[in-house]
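Good morning, colleagues. I shall speak briefly about one structure, beginning with a contact between its chains and then turning to the chains themselves. Please have the display in view.

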Amino acid sequence: MNPNNLDEINRRDFLSRTAKTCFGLTIGGSMARLFDSPAYAADPTVLKAGGGKAKHVIYLYMAGGMTHIDTFDPKPDAASDIRGPVKAISTKVDGIQLGHCLPGLARHTDKVALIRSLSTTQGAHDQGKYLMHTGYAPRGTVSHPSSGSWVAKMTSKLNQDLPPFVLVGGANKHPGAGFFEPEFAPLPIGDPELGLQNVRRRYSTTDASFARQLDLRKELDHDFDTKFHQGQKSVRAYDQVYDAAVTLMKSEDLEAFDLSKEPEVSRAAYGSDRFGQGVLLARRLVERGVRFIEVELGGFDWHADNFDQMEEKIPLLDQALSALLSDLSTRGLLDSTLVVVATEFGRSPKITPNAGRNHYPKAFSCLLAGGGIRGGQVYGATDITASNVVENKIGAHDFNATIAFSLGIPHDLPVMSPTKRPFKMGGLDGKPITSIFG
Amino acid sequence: MTFRATLALAAGYFPTAMKLPRRLLTHFLPLVCVISAHAKPLPDSVVTQAASRIDRILADDLKSAGLKPNPVIDDATFLRRSYLGIIGRIPSEMEARQFLDNPSNDRRSKLIDSLVASPGFDSHLFNWAADLLRVQTRQEQFGLGWHVWLRQSIAEDKPWDKMVAEMLGSTGHCTTDPAVGYYLRDRNMQLDNFSNTMSVFLGRQIGCAQCHDHPFDDWTQYEYYQMAAFGGGIEFRSSDAQDLVRKTIKTLAAPRLDAAPTISMNNKQERNQGIRKQRNERQKLVRNIGNQFRPLFKDFNKNAILEDADSKLVLPEDYKYRDAKPGEVVPPETLFGAKLVNIAPAERRETFASWVTSQDNPFFSKVIANRLWARAFGHGLIDPIDDWKDDSETAHPEVLACLEATMKGAKYDLRQFLRILYHTRLFQRECLTEEPTMGVPLAFRGPVLTRMSAEQIFDSFLILTRGKVDDESSSAFTKSWDTYRKQVAGLLHAEPRELIVLAESAKQGEVLLRKAQSDQRDAQKALAEAKTPEARQKAQATFQEARMKQRDAREQADPFKSMQMSMGGGNKKKNDGNGSLRASEYPAPFQPGSLVREFGGSDRQTTSSSATTATVPQALALLNDYKTDIAAGKKSRLGQTLINIKSPNERLDCLFVTLFSRPPSPEEEKKYRTLASDPTALRDLARAMLTSNRFLFIQ
């Protein structure tokens, strides 16, 4: 398969769909795979360069701008009006230190690559979040797709019944699928404890009833759809989600969304808060073949009381992330799962009179682990006060290109928007950090 | 179906109703406001003229572009669009029939006027405003006060310019000036708050310039700070607290100082020493008492701001441009509209509030007019509605100019302005079949097709499950807020001794908090180092305990906050008075996983962040949730109604009028008549209707 020829993929899709209807029945189970698009083949050049090991991504997003100097990039030798009360702790890997609120992660630094040289110019929340997720700055003329939707589009489904992209605990303003068709939009789970709600048919609804209900729906909408289906993506999206919902209801993998099926010990390990449980849910979904799961943790915008809030919030990340790395490793899933910790910007090194830190896009940190990444390393560096990147500066587009690389997706393959402009997963000219792999 | 045919049909099925004299029928018309705190509505002639002017200009625009306007919609489509668009819910079966059976020629315009004047309008507009401003009732006490203030302002038709000026000029504690919630929403994030002000009220995105010169617009970072400097005097603490501490010190310190030894007047040196000693004693006392009260008033300070004329905005430490130095004071100056410089520090906020809301501000009127246009017709004349550039284009520049003039002419009365928009011919045209293209100005041959908002869906389900709904605002929030205000006032007048006790307890709470935090850190460490499952479990348990202790300690350290917790009302999750409250009467934001959030209701984190994108959980909710199974089962009101109707055709009619606000077409009747004879089949039909695009979308 020539990865540059998306028309080829569409042609195969068309054939497989036609084959299904031609036989007059829906081919289910393993037989269905015979006619499906072949599993996307990782780009051979990417494979040669050490990429393409990951099959899944668990993307943990810290919303609000997580301070870098108090977490992944501590500066124990900086002055106290920069360092504050934060102590740097040693970790499993010699020479790598973390902020004192991350003792759990400290025992797993041999699995991670700390990326300390992120730098952008977007210091406002909406714009920063958008840039981090899409690799592009917001424009009034197009809605760019988020990295999760890119992965959903550029890979094939491992599990035909489950969605390729799930978003747990996401805030409203998420770029979602952008200009991609609705099938690449994330399935949102608002509260992981509630999971996927309403998956069982209403009591005493027979197969026939349910089928009739679905048929009647199409009938009732016949005129409406004739009028609006083609010109309105919003309408097509509803037809798509109903189909996906019905498929999902029949899936044996539904219980992946049900956290009560997970042993108590395991649930406790991740932390009983919503974020911890969301990360656990992500692991379960990876095991069932979901490609990309994003779990969001909000409340990092510490303009005041930075250190008090840090003591409250960072332990949640620490516990969930440590549990995840340990769990994936034990289950042999770490090589095939890329774990990402990202945020929209860092926070100013100079502490404000309110004991806070302000937005700081000029230098900040993210984390990558698994998916072929070589653990126990630091990529990039900042100066003595974590104010400027002094080595290996990268931007959000490079970061996303790296995610593409780990999955074997070509980061620079252009996909056309409806207005015929090309966009890529790695942004305008992002380059993957290949040196951290292998 | 033509109106006459409908009438004939109705006559056949509702013989009794049709025999009633018309005056009795009008008795059931939707409530025209009788008791109202509303402002006086504009005369009908003014409204019609204003609407016609808009239509005329629009028609000219379309003609020049060689485009034809869409045809006018039928009564049933108009009925549904009006109810949803104006009061935010579908009509009940009864309301629908009243309109559809009304033979008078001006029924459409009368419907608009009665809906605009009804309390449902307030609830629907409130959702829009609360989304825009990011009102949260769960975030500290001020959120509740702000909600009550906003609801009240809308109910009494406070003009938009006055509302905005009140918010921008607010100061003090939220119990005395609840509009201060606007600033408290972004406590300690004054610059972010300012960026929001610019985008919400003036449609300008300047947030990026906070950190660097804006690459695309003409904003430099210095200019950003010049505008933000109008808010440079804002301090996020309470002057009431300061005053109360001072007063208490005076009361408590007086006896102690009286007991101090009198200064001997003999020796000058001794006297000076004595005075110095006394002064030091007094200062120490003041400091001690101040420290004792600090934790008690922590919450107070979280719910108030004060304006300090001596406090000024300075450039950030890392300011890198040549035009000024880092840390330099930036004097406030406006960058467009009326040129204002050399502003006295004490007048900064007043000046800013007046400047933003001035009729002469080039963006203020246009932006709100365009926002409301987008609300009424599904898309702005200028789009995006919060990002006006110098070269923003619209397909209808004269309409925009007319809207601006209309807004000013209506003196910023949002209700009357919207009323004018609803009276245009445009509001009666068929929706466009193609969605707007991003970045391309839209030619309004008709309104844009939109999905019901999450709140419209929520409120429509109220109608479906209850047959009618109370559009009035609930008194729960107001009651809670009044209780809180009284408690605060009580505390401000409390005896010094009572305050000391409270302060001691708060101080203790702080000590407990530090201990709990340190315990948590230890437990975290232990958890990380645990080698066996038992050790891990033990560490986990200790960790949870420490977290709980932290929570309790926090409450003790913050007694004002725990006052709010026990208040109920604003913060109770189940504040639903028998489940009949509209979405606007619930604490905001709704919780993740709730129906409103699943359907895209705003999380109130960013402005106007509600969405109508399709998701699988939405489909599942409409397919399988018991709460959306409105026609099935003995408990269902609609189910009961259907059972009690004898003829299948009538049942079908009832179902269609209830769910789609229109009777079935002849083809539909023929197709579904047999289904209507069997309860299970009818139930399936009802379920199918509820999951249809026809139900979810507003044509």
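**The interface of chain A and chain B**

Arg202(A) forms a salt bridge with Asp629(B), with 3.5 Å between the closest N and O atoms. The term salt bridge denotes a side-chain nitrogen of Lys or Arg within 4 Å of a carboxyl oxygen of Asp or Glu.

Before going further, the basis: this is a predicted model, in which local features need pLDDT of at least 70 and side-chain atom pairs count only at pLDDT 80 or more, while totals for chains, interfaces and linings use all residues. Residues are numbered from 1 along each chain as its sequence is written, chains are lettered from A and ligands numbered from 1 in the order in which they are written, and side-chain values use heavy atoms, with hydrogens and water left out.

Which helix of chain A gives the most to the side that touches chain B? Helix H10 (residues 233-249) does, with 13 residues. Helices here are DSSP runs of H or I of at least four residues, strands are runs of E of at least two, and both are numbered from the N terminus.

How much area is buried between the two chains? The value is about 7,100 Å², and carbon and sulfur atoms give 53% of it. Buried area is the accessible area (1.4 Å probe) that two parts lose on being put together, summed over both. Arg202(A), Leu220(A) and Tyr238(A) supply 13% of the area that chain A buries against chain B, more than any other three residues. In terms of contact (heavy atoms within 4.5 Å), 85 residues of chain A meet 88 residues of chain B.

**Salt bridges within chain A**

Over all chains, the structure holds 60 salt bridges. One of them joins the side chains of Arg236(A) and Glu181(A), at 3.4 Å from N to O. Arg236(A) lies in helix H10 and Glu181(A) in the loop between strand E5 (165-168) and strand E6 (187-189) of chain A, so this pair ties together parts 55 residues apart in sequence.

Arg288(A) and Asp253(A) form another salt bridge, their closest N and O atoms being 2.9 Å apart. Is Asp253(A) buried or exposed? Asp253(A) is buried, at a relative accessible area of 17%, whereas Arg288(A) is partly exposed, at 24%. Buried means under 20% relative accessible area, exposed over 50%, and partly exposed in between (1.4 Å probe, protein chains only).

**Chain B**

Chain B has 32 helices and 5 strands, and 55% of its 699 residues count as buried. Among its contacts between residues at least 6 apart in sequence, 73% join residues at least 24 apart.

Helix H27 (residues 616-624) of chain B has 9 of its 9 residues buried, so this helix is largely enclosed by the rest of the structure. Among them are Val616(B), Leu620(B) and Asn624(B).

Finally, Glu235(B) and Arg237(B) meet in a salt bridge of 3.5 Å, N to O. Glu235(B) is partly exposed at 21% relative accessible area, and Arg237(B) is likewise partly exposed, at 30%.
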